[in-house]
Amino acid sequence: MAARDASTLLLFDVDGTITEARQVISPDMKDFMARLRQRYAIGIVGGSDFDKIQEQLGGDDVTRLYDYVFAENGLVAYKNGEVLETQSIKEFLGEEKLKQFLNFCLHYVADLDIPIKRGTFIEFRNGMINVSPIGRNCSREERLQFHEYDREAKIREKFVKAAEDRFSDFGLKFSIGGQISFDVFPLGWDKTYCLRHVESAGFKAIHFFGDKTFEGGNDHEIYNDPRTVGHTVKNTEDTRRIVTELFLR
């Protein structure tokens, strides 16, 4: 077996990159990532909270399976099983601004005329707020239906534009990710935030793999960051193909 390359970090998005959207990692992909970790340092960076990422990546202690785990873009960060940092959007905004923003979102959703709505339109996380026009309680089939509908109707894109205009002085960033929602967080708290946790680790190269690398997507900033080498993937199989070609031949 080749020696482990300690100078290179491979950093992966979750949804659409190493798992299907909101689905548990496949056994084959889990084994693939374990074999890859024998050769390189591996990091995971997702917008979801830690519990969701752990559930998606197999339900094990995910902080022991990867060198770095960055939940909520790295606002909740682990290295080799140890907590590095947690941040709070509640403390950043303050209660009054937070209420204004949440009330706006709830009114906007109430006035939306879309084919179906379910529940949990707002999910409050440590470092960000996740907003879903259809509601996170939708079924997988309903999720896929909304995703296709949103491609044409651009519900999330219009929602984001309205919120950006209304809260232009709040210092917030809006990022469309996954299939049914968008994330809201302070400027600079996108996925590039996680890079501050690895800057002193001595990596000569940091490769990032993600599917939402287009402008407005939640992988865009880290994909284009000069500290990373960005790779756009189409799905989990594409991730395996690109990684194998670049690092496992």
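This is a predicted model: local features need pLDDT of at least 70, side-chain atom pairs count only at pLDDT 80 or more; totals for chains, interfaces and linings use all residues.

Helix α1, residues 27-37, packs against helix α9, residues 236-247, at an angle of about 25°, and their axes are 11 Å apart. The two helices are therefore roughly parallel to each other. The crossing of α1 past α9 is left-handed. On the α1 side the contact is made by D28, M29, F32, R35 and L36, which meet T236, R240, V243 and T244 of α9. Sorted by class, the residues of this contact are four nonpolar, two polar and three charged.

Seven strands form an open sheet with mixed pairing, in the order β5-β4-β3-β2-β1-β10-β11. The edges are taken by β5 (82-86) and β11 (229-232); each has a single partner strand, so one side of each has no neighbour in the sheet. On average, neighbouring strands of this sheet are turned by 20° against each other, direction ignored. Helix α1 packs on the sheet and touches β1 (5-12) and β2 (40-45), and the direction of α1 makes about 135° with that of β2.

Strands of a sheet pair through backbone hydrogen bonds, in either a parallel or an antiparallel manner.

The loop between β10 (205-210) and α8 (220-224) holds F214. How far is F214 from E82 in sequence and in space? The two residues are 132 residues apart in sequence, and their C-alpha atoms are 32 Å apart in space. F214 has a relative accessible area of 43% and is therefore partly exposed, as this class lies between the limits of 20% and 50%.

A further open sheet has four strands in the order β6-β7-β9-β8, with antiparallel pairing. Strands β6 (122-124) and β8 stand at its edges with a single partner strand each, so one side of each is without a neighbour in the sheet. The twist from one strand to the next averages 20°.

Although β8 is an edge strand, five of the six residues in β8 (residues 172-177) are buried. Its partner is β9 (residues 181-186), which runs antiparallel to β8 and is joined to β8 by six bridges. In this pairing, L172 stands opposite P186 of β9. The two strands form a hairpin with three residues between them, and G178 in the turn has a positive phi of about 65°.

The loop between β8 and β9 also contains I180. Is I180 buried or exposed? Its relative accessible area is 1%, so I180 is buried, the limit for that class being under 20%. With neighbours within four places in sequence left aside, I180 is in contact with V131, S132, P133, I134, G135, R136, C138, R143, F146 and R156. I180 and Q23 are 157 residues apart in sequence, while the C-alpha to C-alpha distance between them is 14 Å.

Helix α7 (residues 155-166) lies across β7 (129-131), β8 and β9, and runs at about 180° to β8. Which helix packs with α7? Helix α5 (residues 95-111) does, at an angle of about 145° and with the two axes 11 Å apart. The crossing of α5 past α7 is right-handed. In this contact, Q100, F101, F104, C105, Y108 and V109 of α5 meet K158, F159, A162, A163 and R166 of α7. The residues of the α5 and α7 contact comprise eight nonpolar, one polar and two charged.

Helix α7 lies across strands β7, β8 and β9 and packs with α5.

Note on methods:
Residues are numbered from 1 along each chain as its sequence is written. Side-chain values use heavy atoms; hydrogens and water are left out. Axes are lines fitted to C-alpha atoms, for helices over the stretch in contact, and angles run from 0 to 180 degrees between N-to-C directions. Angles under 35 degrees count as roughly parallel, over 145 as roughly antiparallel, 65 to 115 as roughly perpendicular and the rest as oblique. A crossing is left-handed if the near helix is turned anticlockwise from the far one by less than a right angle, and right-handed if clockwise. Contact means heavy atoms within 4.5 Å. Ala, Val, Leu, Ile, Met, Phe, Trp, Tyr, Cys and Pro count as nonpolar, Asp, Glu, Lys and Arg as charged, and the others, Gly among them, as polar. Two strands pair if DSSP finds at least two bridges between them. Buried means under 20% relative accessible area, exposed over 50%, partly exposed in between (1.4 Å probe, protein chains only).
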